[in-house]
Amino acid sequence: MSTLGVESALLVSHDRLAALAADILAASGMGDGDAATAANLIVEANLCGADAHGVFRLSDYSALLRKGLINPRPLVTSDIRGPAVALVDGDGGIGHLSALRAAELAGELALTAGVAWVGVRRSNHAGATAIYAEHIARKGLVGICASVAAANHMAPWGGAEPLLGTNPLAIAVPSAGQAPFVLDFATSVAAFGAVKTLAMAGQSLPGGWVLDRMTGETLTDPTKLSQGTLAPIAGHKGSGLALAIGLLAGVMSGAAFGRDIRPFDQPADAPADVGHMVIAVDPGRFMQRAQFEAEVARHLDSFAESTPTLGASAVRWPGARRAAICAKRSKGGIPLDRSVVKRLADLAHQLDCPIPFSL
């Protein structure tokens, strides 16, 4: 999860922000139904604290839709290849639609077969990967989702060329009486959205986020972002994980990977052909689901109740902070940074969309 961590200018309810997002997507060419579905998923990222994957992205989505690089009216199809295997074709549409279809289909197949793997091809950026894993967990199943990024941001370990994406992975496990365990991370130290946000604001980049392509030294000057690549998590391990996700979610799904994906510092000039993979597992095939969820909750509680290290206020398990942010923002509104408010307002005026809240 990545929150922008900058001073908020405005608090907006989920419903009003989703209404604006839907209007913007519809004005960019999408059908009303698809626009509403995608808008809710986009704003859900903001609701859960993944702001770099939320409405911050609307300007990019709108531009790609209007250029025809994202199909505004896709026919998303599903091909069942076996009792537990399926392939979703996103028809070049916004990635949220095909990722959601894959999550729904994986859940349905897993309830019958016990486990399911759904690949996705001809998709696009789908926002926060955790949304789709959690969608599966809310059905009492274990959800595992991963994606190939729409642009390459990292060099393979020891290399200088950006041939890997940030390729995120999310795992969600249902837990009795509380929010699911949700592990969600990019294979880079920082998501590119967070890096881009700081660069757009002219703020220095934290050390260790971006590496100079030629020297390998940390790069903090936002004006030199194109000279760097994102640093992988845990060095060669993160690089290897990004490569593995690319092979499984990209190559095996029949989607783009490696040199077939454009570097982040080059403008998009062709459909992205993003690949995803979605796995669902029914824990009820191993024990009673209620027993499994109770055991998950017991262990998570034991971690939360354990002694924190010096300087830490508490021990958190993945998903606890996400759930707390979601509850707070559902009640009090989603905070929008000044730069995001300006981007939204400019885009809404450009597309002649009404803004359903006061700026």
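Salt bridge here means a side-chain nitrogen of Lys or Arg within 4 Å of a carboxyl oxygen of Asp or Glu. Before going on, please keep in mind that this is a predicted model, where local features need pLDDT of at least 70 and side-chain atom pairs count only at pLDDT 80 or more, while totals for chains, interfaces and linings use all residues. Residues are numbered from 1 along each chain as its sequence is written, and side-chain values use heavy atoms, with hydrogens and water left out.

Back to our pair: is Asp282 buried or exposed? Asp282 is buried, at 4% relative accessible area, whereas Arg285 is partly exposed at 48%. Buried means under 20% relative accessible area, exposed means over 50%, and partly exposed is in between, with a 1.4 Å probe and protein chains only.

By this rule there are 13 salt bridges. Another one links Glu295 and Arg298, at 2.9 Å from N to O. Both sit in helix H8 (residues 289-304), three residues apart, about one turn of the helix. Glu295 is partly exposed at 31%, and Arg298 is partly exposed at 48%.

Helix H10 (residues 338-350) holds Lys342 and Asp346, four residues apart, and their salt bridge has its closest N and O atoms 2.8 Å apart. Lys342 is exposed at 54%, while Asp346 is partly exposed at 40%.

Seven strands form an open sheet with mixed pairing, in the order E2-E3-E4-E10-E5-E6-E7; strands pair if DSSP finds at least two bridges between them. Strands E2 (77-82) and E7 (181-185) stand at the edges with a single partner strand each, so one side of each has no neighbour in the sheet. On average, neighbouring strands are turned by 15° against each other, direction ignored. E6 (residues 169-173) and E7 run antiparallel, joined by five bridges, and Val173 has Phe181 in E7 as its bridge partner. Helix H4 packs on the sheet, touching E2, E3, E4 and E10, and its direction makes about 160° with that of E4. Touching means heavy atoms within 4.5 Å; axes are lines fitted to C-alpha atoms, for helices over the stretch in contact, and angles run from 0 to 180 degrees between N-to-C directions.

Finally, the cores. A nonpolar core is a set of buried Ala, Val, Leu, Ile, Met, Phe, Trp, Tyr and Cys residues joined through side-chain atoms within 4.5 Å. Which residues have the most contacts inside the largest core? They are Leu25 and Leu58, in a core of 66 residues. H4 gives the most to this core, with nine residues. Leaving out residues up to four places away in sequence, Leu58 touches Ala21, Ile24, Leu25, Ile42, Leu344 and Leu347. A second, separate core of 23 residues includes Ala151, Leu169, Leu198 and Ala249.

Note on methods. Helices (H or I, at least four residues) and strands (E, at least two) are DSSP runs, numbered from the N terminus.
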